[in-house]
Amino acid sequence: MTRPLARKLWLLAALLSVFALVAAGCGNDDDDGGAAIEAPEPEPEPMDDEPEPEPEPMDEEPEPEPTEPPMDMELQALLDTFDANGDSTLTIGVAAAGPRDDQGYYQALVDFAEEFSAENGFAPPIVSDNIGAAEAAQAMSDLAAQGVDLILVGASEIAEPLADLTEQYPDIFWYCNCGAGFPEIPGLAQATDWGAPIHYTAGVAMGAALQDHGGDTAVFLGCCDLGFEKEAYNATVHGLQSVDPSFTMEYVATGAFPFDFDNSANATAALTNAIAEGATLAYAYLGGALNPVGQLATDEGVAVFAAGPGDICSRDDGIEWTGAIVFDAGRYARVVLPLIIDGELTEGSTYQFPTQQGLNGGELCDPSADAEALLADAFESANTDGELLGALGGISAEAYGGG
């Protein structure tokens, strides 16, 4: 082979070698858009004399400690307001001027205290009943000394000692359902109502009942011609005669002065006499004598109304009650307690209940449509009729002014 030919062959071989290298470097252009794929570096193998470290144990979450269930907000508010001795419960004391089981005015407050305590898981209330005015100071002092937090005083007739008792037991919350009212004192929260418009609606209810039942004569059986009885009687007559001017009602005292609303023998004897003289409707403005009068009226076929409690029409006691005149201390207390908790009624202040259908006043147990309409109109008038309200104001002034 000649040297020029050999040199040409060497150059050709060198060029082919370079071309091959370039082609190899460009071979992945269509596979990954020109991005070179690098192989991962191998993980170093552990050395024989250095074992792999064991994973550290995770910290264990501590188990939560058991806690008391959260207290109901309403219950907490009750305790914050009334728990006088800090024992995390509420013990209610009830001071009643008459028998706790009279089925009437006094029992209404006792029933409320028992039901309210049971609803909230409190101990049964402590009840002191048949308290007379003369022994009221000692009886309510004894009640206060039994660890009660709240004392419900059932009537103004036993309220006289409260000025001293509220100072002697300032940690107890004292509340009086004081009817026609009692002078305000710093340690007493009280609620009142206006008896005249309440009993005006009573008279309208009785007038409607006479129209349905028949007759034109009614009897009002009370205690002993006290001021609030005079107000109730005269306002009832006013309402009765607004239905029919020919309707009449006679007041008959059946108890000993003062505050004897429990003389069943006298009350039933008085009703017997009234029926003999033509009465076809009786209003038992009574306490312990309420049911005996109701039963006699039922036996004689006479329409009969009860004074005080709001459950008369739902009772299954064998008495055919025609209706009720409601001024229920228990129904009132359910309205008052939230007002006390909210700070709207405080010790030293007085709240007056409105005359309001469903809260107080006349109720008929099985009214006709006409009777129902008459009664609804009576409540409207008792709140809006200026002339009527003026007349009722005069009735109240005369009853309490001794005129």
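1. Burial and surface. In this predicted model, buried residues account for 44% of the protein's 403 residues. The exposed surface comes to about 21200 Å². Carbon and sulfur atoms supply 52% of that area.

2. Fold content. The protein has 13 helices and 12 strands. Among contacts with a separation of 6 or more, 67% join residues 24 or more positions apart.

3. Largest pocket. The largest pocket holds about 480 Å³ of space. Its lining counts 26 residues, and Tyr-105, Gly-179, Phe-228, Tyr-285 and Phe-327 are the closest to its centre. Three helices each supply at least two lining residues: α4 (105-119), α7 (195-213) and α8 (227-243). By class, the lining of the largest pocket has 16 nonpolar, seven polar and three charged residues.

4. Second largest pocket. The volume here is about 280 Å³. Of the 18 residues that line the second largest pocket, those nearest its centre are His-213, Ala-303, Trp-321, Thr-322 and Asp-366. Two or more lining residues come from each of α7 and α10 (290-300). The most comes from α7, which gives four. By class, the lining of the second largest pocket has 10 nonpolar, five polar and three charged residues.

5. A helix to check in both pockets. Helix α7 supplies at least two residues to the lining of the largest pocket. To the lining of the second largest pocket, α7 gives four residues. Please view the two linings together.

6. The loop between β7 and α9. Two backbone features deserve a look here. The peptide bond from Phe-257 to Pro-258 is cis, with omega near -10°. Pro-258 sits in the loop between β7 (248-253) and α9 (264-276). Phe-259 is in the loop between β7 and α9 as well. Phi of Phe-259 is positive, near 65°, and this residue is not a glycine. Phe-259 is partly exposed, at 26% relative accessibility.

7. Asn-130. This residue also has a positive phi, about 55°, although it is not a glycine. Asn-130 belongs to the loop between β2 (126-128) and α5 (136-144). Is Asn-130 buried, partly exposed or exposed, and what is its relative accessible area? Asn-130 is partly exposed, with a relative accessible area of 45%.

Definitions and conventions:
Residues are numbered from 1 along each chain as its sequence is written. This is a predicted model: local features need pLDDT of at least 70, side-chain atom pairs count only at pLDDT 80 or more; totals for chains, interfaces and linings use all residues. Side-chain values use heavy atoms; hydrogens and water are left out. On a 1 Å grid over the protein atoms alone, a cavity is a set of points where a 1.4 Å probe fits but cannot get out, and a pocket is an open set with protein on both sides within 12 Å along at least five of seven lines; lining residues have an atom within 4 Å of a point. Grid points are joined across faces, edges and corners, and a volume is the space filled by probe spheres set on the points. Ala, Val, Leu, Ile, Met, Phe, Trp, Tyr, Cys and Pro count as nonpolar, Asp, Glu, Lys and Arg as charged, and the others, Gly among them, as polar. Buried means under 20% relative accessible area, exposed over 50%, partly exposed in between (1.4 Å probe, protein chains only). Contact means heavy atoms within 4.5 Å. Accessible areas come from the Shrake-Rupley method with a 1.4 Å probe; for residues, only the protein chains shown count as cover.
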